[in-house]
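Welcome! Take a moment to look over the sequence and the 3D view below, and then we will walk through a few features together.

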Amino acid sequence: VKVVTQFFVFLYCKCLWRGLKFVVRKFTGRCELQRICYNNKHGARRTLKIGTILNMCSHSLLQSALSVHPDKVEKTIDDIMALKKINPDTNPQLGISLQASLLQIVGYRSLVAEVEKLRREPYDCENPEHEEMLMKLWKELRPDTPLTGRISKQWCEIGFQGSDPKTDFRGMGLLGLHNLLYFAEHDKATALQMLHDSLQPKHKYVNKPEWEQKNLDKAIGYSFAIVGINITDLAYSLLVSGALKTHLYNVAPEMPSLLHFQQTFCYLMQEFHRFWIEEDPSDIMEFNRVRSKFHRRILRQLKNPDMALCPHFSASDLHLVNL
């Protein structure tokens, strides 16, 4: 009985939804895709709605549009407009808006696949490229201190757990190394400051940005590299769950790329550092509690469709605009 009831409720809602769409289209002279594009500004608010509508449509063309190759997006838009009997000459902006949103949708899928591939690739000490990246990370974070050997306790100075960093990359694979190196290279001043702070059991902040001008004397000590790998895991979970769509659709005019993901990681690292200081944990054993609380805060922020996590992030080449 319950199954039958649910079936009729589903059937009723589906028919009602289609009926309402038909009435609204007759009344306004516009299909649902037109109304979304004309009534919502470019970014997550529009693209999320378009993604939902295309996913709910029964027509194969509309559903397949969500997974089309980026090179075929333009033709797909032409096909959709023909299907909906929309004249592109009298609605030129519609095609442009649909194309931008569809590129964001397929770009997000491509980004998830690219990030997943990096995460699944283990660190290989026999691979010269992997070793070169690791050595570069040391040089960026310890420019004035030569590394005495590939296997060395010195790695603990930048926050690895032992004498061979490869064991710490097991959870996030090459993705963790890529993110740490990007942070160290592209926002070096912040990375070095965070590394310095992380090594201090107690640290007073003076003459720093506004958030530091409280002369706080709070516990800092955490392992910089290990935290970076943990924040990589956090950024990865936000991406694959779809929570990061809000941010990426608002900062990437078209296709979100690995660069956007790495810039987001930089922002999350800086914000977590602030959050750790605010939480004032008694020791590193509270890391999981602080990380979970930080994760929940980011998720709350991303529920706002107009949210861009880091439109004003200070990295020198971080050209993100809250569109």
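Are phenylalanine 272 and tryptophan 276 buried or exposed? Both phenylalanine 272 and tryptophan 276 are buried. Keep in mind that you are looking at a predicted model. The points below start with aromatic rings, move on to a helix, and finish with the confidence of the prediction.

**Aromatic rings**

- A pair of aromatic rings is described by how far apart the centres are and by the angle between the planes.
- The structure holds 13 aromatic pairs.
- One of them joins phenylalanine 272 and tryptophan 276: the ring centres are 6.0 Å apart and the planes meet at 40°, so this pair is tilted.
- Both of these residues belong to helix α12, where they are 4 residues apart, or about one turn of the helix.
- Phenylalanine 275 and phenylalanine 294 make another tilted pair, with 5.5 Å from centre to centre and 50° between the planes.
- Here the partners come from two helices, phenylalanine 275 from α12 and phenylalanine 294 from α13, so the pair ties together parts that are 19 residues apart in sequence.
- Phenylalanine 275 has a relative accessible area of 5%, and because buried means under 20%, it counts as buried.
- Phenylalanine 294 is buried as well, with a relative accessible area of 0%.
- One aromatic cluster is formed by Tyr222, Phe272, Phe275, Trp276, Phe287 and Phe294.

**A charge over a ring**

- Lysine 245 has its charged end over the ring of tyrosine 108, at 5.6 Å from the ring centre.

**Helix α13**

- Helix α13 covers residues 287-302, which makes 16 residues.
- At 1.5 Å a residue, the helix should span 22 Å, and this agrees with its end C-alpha atoms, which are 22 Å apart.
- The buried residues in α13 are Phe287, Val290, Arg291, Phe294, His295, Ile298 and Leu302.
- These residues cover an arc of only 135° around the axis, which means they are on the same side of α13.
- What covers the buried residues of α13 includes α10 (224-241), α11 (245-251) and α12 (258-279).

**How confident is the prediction?**

- The chain has a mean pLDDT of 83, and 81% of its residues reach 70 or more.
- Over residues 22-27 the pLDDT stays under 50, and the model gives this stretch 6 contacts beyond four places in sequence.
- Residues 202-208 also have a pLDDT below 50, and this stretch has 21 contacts in the model beyond near neighbours in sequence.

Methods: Residues numbered from 1 in each chain as written. Predicted model: local features only at pLDDT ≥ 70, side-chain atom pairs only at ≥ 80, totals over all residues. Heavy atoms only, no water. Expected span 1.5 Å × (residues − 1). Buried < 20%, exposed > 50% of the residue type's maximum accessible area, 1.4 Å probe, protein only. Arc of directions from axis to C-beta. Contact = heavy atoms within 4.5 Å. Phe/Tyr/Trp six-rings, centres within 6.5 Å; stacked < 30°, edge-to-face > 60°. Lys NZ or Arg CZ within 6 Å of the ring centre and 35° of its normal. pLDDT = per-residue confidence, 0-100.
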